[in-house]
Amino acid sequence: MKMLVLFFALFAVALAAPQSNPDAQAQVLKYDSDNAGIDGYNFNFETSNGISQQEQGTLQNAGSENEIMQVRGSYSFTGADGVVYTVTYIADENGFQPQGAHLPSK
């Protein structure tokens, strides 16, 4: 009887153990970055689990009171449903403006 209780206790612990996450093993396949100082930057990367991102920032209205870093970019990932989702975006004086086929639009 004690053996049966021990077996079920060990079985319950095994079921409760965290499942491995394949994303935790992802590796960076590509990474490029260029920091142009205060005038702007750009970068892009790709990982082995299908995530990628590219982004470029440029300084707008330099030296004025309306100086702002305008950012443009996109990222992609594979959802749990196997579909590749892509989001393109702009971030500027009007805020963060994402677009994607899976996102609602105005």
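About 170 Å³ of space lies in the largest pocket. On a 1 Å grid over the protein atoms alone, a pocket is an open set of points with protein on both sides within 12 Å along at least five of seven lines, where a cavity is a set of points that a 1.4 Å probe fits but cannot leave. Grid points are joined across faces, edges and corners, and the volume is the space filled by probe spheres set on them. Pro98, Gln99, Gly100, Leu103, Pro104, Ser105 and Lys106 line the largest pocket; lining residues have an atom within 4 Å of a point. By class, this lining has three nonpolar, three polar and one charged residues. Here Ala, Val, Leu, Ile, Met, Phe, Trp, Tyr, Cys and Pro count as nonpolar, Asp, Glu, Lys and Arg as charged, and the others, Gly among them, as polar.

This is a predicted model, in which local features need pLDDT of at least 70 and side-chain atom pairs count only at pLDDT 80 or more, while totals for chains, interfaces and linings use all residues. Residues are numbered from 1 along each chain as its sequence is written, and side-chain values use heavy atoms, with hydrogens and water left out.

Now the overall fold. The protein has one helix and six strands. Helices (H or I, at least four residues) and strands (E, at least two) are DSSP runs, numbered from the N terminus. Read along the sequence, the pattern is α-β-β-β-β-β-β. Of the 106 residues, 14% count as buried. Buried means under 20% relative accessible area, exposed means over 50%, and partly exposed lies in between (1.4 Å probe, protein chains only).

The six strands form an open sheet in the order E1-E2-E3-E4-E5-E6, with antiparallel pairing. Two strands pair if DSSP finds at least two bridges between them. Strands E1 (28–35) and E6 (95–99) stand at the edges, each with a single partner strand, so one side of each is left without a neighbour in the sheet. On average, neighbouring strands of this sheet are turned by 10° against each other, direction ignored. The axes behind that angle are lines fitted to C-alpha atoms, for helices over the stretch in contact, and angles run from 0 to 180 degrees between N-to-C directions. In a regular strand, side chains alternate between the two faces of the sheet.

E1 is hardly covered: among its eight residues, the count of buried residues is zero. Its pairing with strand E2 (residues 40–47) is antiparallel and runs over seven bridges. Val28 stands opposite Thr47 in E2. E1 and E2 form a hairpin with four residues between them, and Gly37 in the turn has a positive phi of about 75°.

Next come the loops. Ile51 sits in the loop between E2 and E3. Ile51 is partly exposed, at a relative accessible area of 32%. Ile51 and Val84 are 33 residues apart in sequence and 9.3 Å apart in space, C-alpha to C-alpha. Asn61 lies in the loop between strand E3 (52–60) and E4. Phi of Asn61 is near 60°, a positive value in a residue other than glycine. Asn61 counts as partly exposed, at 45% relative accessibility.

E5 and E6 pair in the antiparallel sense over five bridges. Asp92 stands opposite Gly95 in E6. Ile90 belongs to strand E5 and is partly exposed, with a relative accessible area of 24%. Ile90 and Gln70 are 20 residues apart in sequence, yet 7.3 Å apart in space, C-alpha to C-alpha.

Which residues do ring pairs link into a cluster? They are Tyr75, Phe77, Tyr85, Tyr89 and Phe96. A pair of aromatic rings is described by the distance of the centres and the angle of the planes. Rings of Phe, Tyr and Trp (its six-membered ring) pair if their centres lie within 6.5 Å; planes under 30 degrees apart count as stacked, over 60 as edge-to-face and the rest as tilted. The structure holds five aromatic pairs. In one of them, the rings of Tyr75 and Tyr89 have centres 6.2 Å apart and planes at 45°, so the pair is tilted. This pair links distant parts of the chain: Tyr75 in strand E4 (residues 68–78) and Tyr89 in strand E5 (residues 84–92), 14 residues apart. Tyr75 is partly exposed, with a relative accessible area of 31%, whereas Tyr89 is buried, at 7%. The rings of Tyr89 and Phe96 have centres 5.5 Å apart and planes at 40°, so that pair is tilted too. Phe96 is exposed, with a relative accessible area of 52%.
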